[in-house]
Amino acid sequence: MDSKKETQAPRKKRIAVIPGDGIGQEVVPQAVKVMQAAGADVDLTTFDWGADRYLRDQVTVPADGFAMLGRDFDAILVGAFGDPRVKTNIHAKEILLGMRFKMDLYANVRPVRLLDAALCPLKGVEPKDVDFVVLRENTEGVYTDAGGVFKQGTPDEIATQEDINTRKGVERIIRYAFEYCERHTKLDGSPRNRVLMCDKSNAMTHAGSLWQRVFKEVSGEYPQITAQHMYVDALCMQMVRDPRQFDVIVTNNMFGDIITDLAAGLQGGLGMAASGNIHPGKTSMFEPVHGSAPPIAGKNMANPFGAILTAAMMLAHLGMAVEAAKIEAAVLEAVRQKKTTQDIGGPLGTREAGEWVANQVSHT
Ligand code: ATP
């Protein structure tokens, strides 16, 4: 028997922190401060990947970068990428899509939760009415950059953009949705027991047929979970008409991108939305749903709550449910007391809102 092993304290979770560009550099330090205030047992290492580094030495991702992240870290906390000085956005593509694709983080998990009725633009909607999750396929679809342009700049120009859907890719995200129901409850403690697959199979018939067939097949293995379907256009309308009807939504990469911006609107805007890029059993990456927001970058205006809730999601994923719950409760309290940035009606700056939440967390 290995007695040494038995007496060893559990190893601290190692987190790679990549603030990136624009408001990513402002909101991530707040998320880090709040994690530390919550007493999360983590080892943090910060990386300077982003536009500044790229403009300085032309490096987007250092050699061996993704392998290093997968090998040396338990999770990655990311801010945002995108900078007007890098017109091609090449660094954003190589870093962010690189992490998703090369680390095979196939499930983009985007919880949609309303913390306070005042944040929702819909009339008569209470927090319990907006509590669903969108699972976006994260490694395929139109993001693979397959396609091309012919006869560019001529009147005969042709542009094609391929939508790549593999049997393996579709099946694993659909299965993830059913498994997600089994592992999660709603905020009020009731079970998650409905999976809705969203597509546009009436127009995109080839890809749609694959999604339809796989969904039917996989849902058959989970008879206790209700399987539903909606076209993406209908889903957009229903989401603003009655968000109560949704539980777990699974969809492809592009529809997931679009409907989660719409869903963020139900939560109080992009500044409130969190996400995880997950491959079960592998190093996963967590990032707020918003981008680098150049118009407000550097002004201490960005809402840090999306990044803070993202950090909580990461801690929960790493088994630190108590710390995660403390952080979520503190953000909720900040929203209730209007200790927030202007985008959601408060008077505070990014740093001050982060500070308030950190302070609240450290007193709970
Ligand atoms: P990307 O394509 O990188 O996701 P995007 O084009 O969707 O980016 P964002 O950078 O996310 O755009 O932001 C769009 C606008 O939303 C911003 O200019 C800003 O007004 C608002 N916004 C986004 N994030 C925040 C935030 N954290 N706090 C306040 N406002 C925000």
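## The ligand and its shell

A backbone N or O atom of glycine 291 lies 2.5 Å from an oxygen atom of the ligand. That pair is a polar contact, a term for N or O atoms within 3.5 Å of each other; within protein, one atom must be able to donate a hydrogen and the other to accept it, and residues adjacent in sequence count only if both atoms are side-chain atoms. Before going on, note that this is a predicted model, in which local features need pLDDT of at least 70 and side-chain atom pairs count only at pLDDT 80 or more, while totals for chains, interfaces and linings use all residues. Residues are numbered from 1 along each chain as its sequence is written, and side-chain values use heavy atoms, with hydrogens and water left out.

A polar backbone atom of serine 292 is 3.4 Å from an oxygen atom of the ligand, and a polar backbone atom of asparagine 303 is 2.8 Å from a nitrogen atom of the ligand. The protein buries 59% of the 630 Å² that the ligand exposes when taken alone (areas from the Shrake-Rupley method with a 1.4 Å probe; for residues, only the protein chains shown count as cover). The residues around the ligand, meaning those with a heavy atom within 4 Å of it, include Ile23, His290, Pro295 and Asp343. What kinds of residue make up this shell? It divides into six nonpolar, five polar and one charged, where Ala, Val, Leu, Ile, Met, Phe, Trp, Tyr, Cys and Pro count as nonpolar, Asp, Glu, Lys and Arg as charged, and the others, Gly among them, as polar.

## Helix H2

Now turn to helix H2, residues 24-37. Helices (H or I, at least four residues) and strands (E, at least two) are DSSP runs, numbered from the N terminus. H2 has 14 residues and reaches 20 Å from its first C-alpha to its last, close to the 20 Å expected at 1.5 Å a residue; the expected span is 1.5 Å times one less than the number of residues.

Among the buried residues of H2 are Val27, Val28, Ala31, Val34 and Met35. Buried means under 20% relative accessible area, with exposed over 50% and partly exposed in between (1.4 Å probe, protein chains only). An α-helix has 3.6 residues a turn, so residues three or four places apart point the same way. The cover over the buried residues of H2 includes strands E1, E2 and E3 and helices H10, H11 and H12. Just after H2, glycine 39 takes a positive phi of about 75 degrees.

## Two aspartates and one arginine

Which side chain makes a polar contact with the side chain of aspartate 247? The partner is arginine 192, at 2.8 Å. Aspartate 247 sits in the loop between helix H8 and strand E10 and counts as buried because its relative accessibility is 2%. A polar atom of its side chain also lies 2.9 Å from the backbone nitrogen of asparagine 193.

Arginine 192 also has a polar contact of 2.7 Å with the side chain of aspartate 131. Aspartate 131 belongs to strand E5 and is buried, with a relative accessible area of 9%. A polar atom of the aspartate 131 side chain lies 2.8 Å from the backbone nitrogen of leucine 187. Leaving aside neighbours within four places in sequence, aspartate 131 is in contact (heavy atoms within 4.5 Å) with residues including Val112, Lys186 and Phe246.

## Helix H9 and its ends

Helix H9 (residues 253-267) has 15 residues and a reach of 21 Å from first C-alpha to last, close to the 21 Å expected. Its N-terminal end is capped by asparagine 252, whose side-chain oxygen lies 3.3 Å from the backbone nitrogen of methionine 254. Just after H9, glycine 268 takes a positive phi of about 115 degrees.

Phe255, Ile259, Ala263 and Leu266 are among the buried residues of H9. Their cover includes E4, E5, E8, H8 and E10.

Aspartate 104 has a positive phi of about 55 degrees although it is not a glycine. Its place is the loop between helix H5 and strand E4, and it is buried, with a relative accessible area of 18%. Asparagine 300, also not a glycine, has a positive phi near 55 degrees. Asparagine 300 lies in the loop between strand E12 and H10 and counts as buried at 16% relative accessibility.
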